[in-house]
Amino acid sequence: MATTINRPVMDVAPVKAARTPVEYVWAVARIAIGWIFLWAFLDKTFGWGFATPAGKAWVAGGSPTTGFLKGTGENALGGLFSSLAGQVWVDWLFMAGLLGIGLALVLGVGTRIAAVAGTLMLTLMWAAELPLATNPFLDEHIIYAIVLIGLAMTGAGATLGLGNLPIVRRNAWLR
């Protein structure tokens with residue numbers, strides 16, 4: 001007499017075999033925007049001389065938020081944002097955000113969380129610059145935020161990323 005062994009079925013979506021060209025476009029957009037965040041973190045941390053000179057690097061005692069936020073003093077919400085410039089907790093929160101968002105997007109894990117955090121960060125940076133110099137409403141911060149929302153909605157971490165790992169597929173918050 002044969003014995004039947006019941007094994008629990010895991011509720012995991014199957015890995016999609018074929019990718020469409022649009023999935024690769026979203027994946028490349030995810031990696032590119034992730035690199036923008038990651039590069040900002042690296043340049044502000046080590047002062048590689050692109051946006052941040054070595055003497056103003058975070059590791060050299062510089063503040064990664066002072067330059068941008070101090071320059072907002074004359075803007076509509078400048079008083080609020082310029083008062084945050086150079087505060088240690090703001091520097092740490094900003095740098096942790098840049099690193100976390102950048103890594104999540106480049107790796108394709110946690111893209112939904114990265115999209116929410118990135119959209120919030122970009123919206124705050126957009127608000128700090130109001131009124132905008134070249135357009136009454138729209139600038140690159142809003143465009144990047146729209147793309148981040150699209151990345152989250154399309155599940156872009158599964159293509160050219162680690163979004164197909166079983167742990168990611170089992171835990172929606174990691175997608």
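Leaving aside neighbours within four places in sequence, L105 is in contact with R30, I31, I33, G34, F37, T111, A114, L148 and L151, where contact means heavy atoms within 4.5 Å. The structure is a predicted model, so to speak of a local feature a pLDDT of at least 70 is needed, side-chain atom pairs count only at pLDDT 80 or more, and totals for chains, interfaces and linings use all residues. Residues are numbered from 1 along each chain as its sequence is written, and side-chain values use heavy atoms, with hydrogens and water left out.

Buried means under 20% relative accessible area, exposed means over 50%, and partly exposed is in between (1.4 Å probe, protein chains only). Helices are DSSP runs (H or I, at least four residues), just as strands are (E, at least two), and both are numbered from the N terminus. In soluble globular proteins, nonpolar side chains tend to be buried together.

Helix 6 is worth a look of its own. With 15 residues, helix 6 reaches 21 Å from its first C-alpha to its last, close to the 21 Å expected at 1.5 Å a residue; the expected span is 1.5 Å times one less than the number of residues. Its buried residues are H141, I142, A145, L148, G150, L151 and A152, and they pack against helix 1, helix 4 (88-107) and helix 5.

Next come the charged residues. A search of the whole structure finds one salt bridge, meaning a side-chain nitrogen of Lys or Arg within 4 Å of a carboxyl oxygen of Asp or Glu. In it, the side chains of E23 and R19 meet at 3.8 Å, N to O. E23 is buried, with a relative accessible area of 19%, while R19 counts as partly exposed at 21%.

For charges, Lys and Arg count as positive and Asp and Glu as negative, with His and the chain ends not counted. Neighbours within four places aside, R30 is in contact with L105, V106, L107, G108, T111, L151, A156, G157, T159, L160 and G161.

K44, placed in helix 1, is also buried and has no salt bridge; its nearest side chain of opposite charge, D43, is 6.3 Å away. Not counting residues up to four places away in sequence, K44 touches T52, A57, W58, P64, F94, M95 and L98.

Finally, the rings. Rings of Phe, Tyr and Trp (its six-membered ring) pair if their centres lie within 6.5 Å, and planes under 30 degrees apart count as stacked, over 60 as edge-to-face and the rest as tilted. By this rule the count comes to six aromatic pairs. The rings of W39 and F50 have centres 5.2 Å apart and planes at 85 degrees, so this pair is edge-to-face. The pair links distant parts of the chain, eleven residues apart: W39 sits in helix 1 (residues 21-46) and F50 in the loop between helix 1 and helix 2 (66-70). W39 counts as partly exposed, at 25% relative accessibility, whereas F50 counts as exposed at 64%. Another edge-to-face pair is W126 and F137, at 5.6 Å centre to centre with 75 degrees between the planes. Here W126 is in helix 5 (residues 111-128) and F137 in the loop between helix 5 and helix 6 (140-154), eleven residues apart. W126 counts as buried at 15% relative accessibility, and F137 is partly exposed at 49%. One aromatic cluster is formed by W35, W39, F46, W48 and F50.
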